[in-house]
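Reader: I would like to go through this model with you. Could we begin with the interface?
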Protein chains: 2
Amino acid sequence: MKIAVLGCGTVGSGVVDILDEKKELMVKSAGEEISVKYILDIRDFTGSPYESRIVKDIDIIAEDEEIGCVVETMGGVEPAFTFCKKCLSKGKSVVTSNKALVAAKAQELFKTARENNAAFMFEAAVCGGIPVIRTMFSALSANNILSFSGILNGTTNFILTKMIDEKMSFDTALKIAQEKGYAEKDPTADVDGLDAGRKTCILASIAYGSHVYPEEIHTEGIRNITLEDAAYAANAGCRIKLLGKAHKLNNGKIGAIVCPFLVNTSSLISDVNGVYNAISITGDSIGDVLLYGQGAGKEATASAVTGDVMECVRLKKNEKHYFWEEHKDNVLEDYMLYETALFVRGYAKNKEDSLINIREAFGGVRVIEREDAPSNEIAFITGRAAEKELRDILSELRDFAPASVIRMLD
Amino acid sequence: MKIAVLGCGTVGSGVVDILDEKKELMVKSAGEEISVKYILDIRDFTGSPYESRIVKDIDIIAEDEEIGCVVETMGGVEPAFTFCKKCLSKGKSVVTSNKALVAAKAQELFKTARENNAAFMFEAAVCGGIPVIRTMFSALSANNILSFSGILNGTTNFILTKMIDEKMSFDTALKIAQEKGYAEKDPTADVDGLDAGRKTCILASIAYGSHVYPEEIHTEGIRNITLEDAAYAANAGCRIKLLGKAHKLNNGKIGAIVCPFLVNTSSLISDVNGVYNAISITGDSIGDVLLYGQGAGKEATASAVTGDVMECVRLKKNEKHYFWEEHKDNVLEDYMLYETALFVRGYAKNKEDSLINIREAFGGVRVIEREDAPSNEIAFITGRAAEKELRDILSELRDFAPASVIRMLD
């Protein structure tokens, strides 16, 4: 089987290197030799082992009947989408690591793939080295997915770990993440939860069978998390984690949200630190499954892409590839209606009076203390109710100004 | 697709129930309806929903061209092996949850499957609900597996958890495990590590590509673990876990062993408690991946079997199924030659003198203390060396009688 790689950046070059270097393993695992015939890139890579394979025109790849599989590692929706669609329409399978593309266009690409008896695969698009896509599509296929929640972004998990374990401020931790190359110069996509949001959409689309768009999911990042919150969380037996979460509601609709949560330390996911990712999935038959690994990095991501390529080679005559249905309206429930408990930290005019008010308004709360707290600071955890109900009560409290409100993971 | 189930016990009936009850999910995920046409069992199940489908003769199933996939959940090597081979030789795919069968006969069944364009699958045979077989065969296929280590037996993990967290003796914890149905009346297969040994073989066969037999792997159970060992382990920042482990050695051979290890609490696998299982795998590209979930139980295991059935349905025209090569001699290295550090607990004639001797003999050790230890008890952790070397030094120590020797996980 001959393949083409679109975009020879960090991940793309990693894929070419694995396929160039592990010839024997490929034959053993996939049953035949796999070689990279073309690399599409705007650069020339003069003097590199890539040089002789560089092409500039997607049609050379799309029209070459020898090419059975195309790897897309360009990133961004365009021109990746146009290129992938063109290759699929020629019956070539496409493997991508591009989560923006999958989150925005998977359904259309699935359809083109199906019409042309090709596969569209994207294990590397969600949490690089963790085999979550395969697991949800295949190993858990006999389950109705009741819920999943995941640490889907390594950069924010690195920052939160530094804040919690080393009492570092958000700004300092972000700076270190940037120095280490974990965070971009403009860290918006990571720290505001957009990256985790795209991955949550992809997982929710698999779990619930129809396309979910990032714009539909309420998304909060970690910019507002403070060391005070981390200290209170620790005293409540919790760690703060940015999670992408989805669950089936009693009314049949889907709840999906990306935001920081207080996670009990008895939960394995609370111990997932640094740039590592993890996803906990609950199925109605299988119970809880947790997958843990590197969510990013050249080699882990390239390994996941190559695993998909080998699957395409193994399964090339197969007609039933992964799929989900078109987007459906009214599948997602308004996040304000999900049941949750809230952690609240704020400042009172008079602490004693406020505590009486708060207890009365919420029908009881769990008050948390921390060392060296200002005398007018109050922190507490409410009971479980629809978030809107809790927020309404909170907004009606007099002489108490909330500074942080963080959801509790069930 | 119509299927047959051989053996309608706990797992088999679970599979029939899922296939009977989740018709819609099957069509959505596998692309067509899947129904159970035959159930082979010596019982009649009079009055049950199984009754009309009960058959007593494997040939009815093997000769029925409508049957595309056969589920084997009888357990034991025979007659399961004969039945599976017969069905495979008729071109029917076989899915099994039977680890004894896979550990003893997988290679022969793979061969028959390949010759007849059928699949032989066994996700449920190792750690029930955890998708480790798929992950190793498929998601990690672009990796050379450097090592894996797993909590592969829920019963022993339950017992060790009770011993460590509740200071319960081995005998008491075993009794509770038996009362809860986690352990058999004769607990040998679990507590002596035989069950974990079979699973270690299966995983090693996938990781290293040729059949590994249980008899080849040094196997120790947990009968000799004491509360004293657990207390010292805690003071050394570790928890005791029964692990199945394999790793690639520098000389190209494979190391494989099943035994208790002291696992550092900084490692996620040390937090896997109760009947849960987990496997940590290190690949040369992907780095560390950890999979966690229920290793047994009717529903989790039946869910894994059904996931394989759905994969068979999806992939029925595919010719390249999972496979490993025949057994090769001299692939496994003698476990006495693996590098390791050892935890040693024992009794000295004179503690001060012995500590001087021990330090000198090993070239330095880490001494560990515990509360209420007898005055002549010594516990320490050696540096890393070939196990044989460490054991030789230990056996030459005068006036010191080792009571426990437990390996340290790297």
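Reader: How much area is buried between chain B and chain A?
Author: About 4,200 Å² is buried between the two chains, and carbon and sulfur atoms give 51% of that area. Buried area here is the accessible area (1.4 Å probe) that two parts lose on being put together, summed over both. This is a predicted model, in which local features need pLDDT of at least 70 and side-chain atom pairs count only at pLDDT 80 or more, while totals for chains, interfaces and linings use all residues. Residues are numbered from 1 along each chain as its sequence is written, chains are lettered from A and ligands numbered from 1 in the order in which they are written, and side-chain values use heavy atoms, with hydrogens and water left out.

Reader: How many residues are in contact?
Author: On chain B, 53 residues are in contact with 53 residues of chain A, where contact means heavy atoms within 4.5 Å.

Reader: And how many salt bridges across the interface of chain B and chain A?
Author: The rule finds two, a salt bridge being a side-chain nitrogen of Lys or Arg within 4 Å of a carboxyl oxygen of Asp or Glu. A salt bridge joins the side chains of A:Lys22 and B:Asp284, at 2.7 Å from N to O.

Reader: Which element gives the most to the side of chain B that touches chain A?
Author: That is α12(B), with nine residues. Helices (H or I, at least four residues) and strands (E, at least two) are DSSP runs, numbered from the N terminus.

Reader: What is the class make-up of that side?
Author: The side of chain B that touches chain A has 21 nonpolar, 18 polar and 14 charged residues. Ala, Val, Leu, Ile, Met, Phe, Trp, Tyr, Cys and Pro count as nonpolar, Asp, Glu, Lys and Arg as charged, and the others, Gly among them, as polar.

Reader: In what sense do β12 of chain A and β12(B) pair?
Author: Antiparallel, over five bridges, with β12 of chain A spanning residues 287–294. Strands pair if DSSP finds at least two bridges between them. A:Leu291 stands opposite B:Leu291.

Reader: Changing topic: why is β9 of chain B largely enclosed?
Author: Because 10 of the 11 residues of β9(B), 238–248, are buried, the strand is largely enclosed by the rest of the structure. Buried means under 20% relative accessible area, exposed over 50%, partly exposed in between (1.4 Å probe, protein chains only).

Reader: Which strands does β9(B) pair with?
Author: Four bridges join it to β7(B), residues 145–151, running antiparallel, and B:Gly150 stands opposite B:Gly244 there. With β10(B), residues 254–264, β9(B) pairs in the antiparallel sense over 11 bridges.
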